[in-house]
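Subject: A structure for you to explore

Hello,

Here is the structure I promised to pass on. Please open it beside this email, and then read on for what turned up.

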Amino acid sequence: MDNSKGLSAIGYLSIFFAPFIVPLLIFIVSKDTAVRFHAKRAFISHLVPFVLGILFLAFFVSSSLFVSNAFSFNDSSILVPIIIFILYLLLSFTISIWNLVQAIKVMR
C-alpha cells in the first residue's frame, strides 16, 4: 500500500474517530500535493456537520426562548426544530457515507 493513499484514506475515515484533528495534521505534515488535497477535502467535509450542528443548536435554543410553553407537543412550534434535527441527522449520515466512499476510492 502506498503511504500517500493510506494517509488520504485515513483523513477521510477520521470522521469516525477524530474529525478535525487528523485531516489538519495530515495537511500540515504532508508535502505531497495529492495528500494535501484529500486532507483539505476531508477537513471541509468534517467541518460541515459541526458548523450546521452549532447553527441548529443556536436555532433550537433561540426558538425555545420565544415559545411560551416549549414542552407542549400540541403546539406546532416544536415541529420545526424536530424536522430540522431530522434533516441534520440525514445530512450528517450522508456526509459520513461520502467520506467512506472517498476513502475507498482513494485506496483503489
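One term first: a residue is called buried when its relative accessible area is under 20%, exposed when it is over 50%, and partly exposed in between. Please also keep in mind that this is a predicted model.

Let's begin with the whole chain. Its secondary structure consists of 4 helices and 0 strands, so if you walk along the sequence you will read the pattern α-α-α-α. The chain has 108 residues, and 30% of them count as buried. Now look at the contacts with a separation of 6 or more: residues 24 or more positions apart make up 65% of them.

Next come the aromatic rings. A pair of such rings is described by how far apart the centres are and by the angle of the planes. How many aromatic pairs does the structure hold? There are 5.

Phenylalanine 56 belongs to helix H3 (residues 33-66) and phenylalanine 85 to helix H4 (residues 79-107), so the pair ties together parts that are 29 residues apart in sequence.

Is phenylalanine 56 buried or exposed? Its relative accessible area is 14%, which is under the 20% limit, so phenylalanine 56 is buried. Phenylalanine 85, in contrast, has a relative accessibility of 38% and therefore counts as partly exposed.

Tyrosine 88 is partly exposed, at a relative accessible area of 22%.

- Phe20, Phe43 and Phe50 come together as one aromatic cluster.
- Arginine 36 sits over the face of phenylalanine 27, at 4.0 Å from the ring centre.

Enjoy looking around, and write back with any questions!

Best wishes

Key
Residues numbered from 1 in each chain as written. Predicted model: local features only at pLDDT ≥ 70, side-chain atom pairs only at ≥ 80, totals over all residues. Heavy atoms only, no water. Helix = DSSP H or I, 4+ residues; strand = E, 2+ residues; numbered from the N terminus. Buried < 20%, exposed > 50% of the residue type's maximum accessible area, 1.4 Å probe, protein only. Contact = heavy atoms within 4.5 Å. Phe/Tyr/Trp six-rings, centres within 6.5 Å; stacked < 30°, edge-to-face > 60°. Lys NZ or Arg CZ within 6 Å of the ring centre and 35° of its normal.
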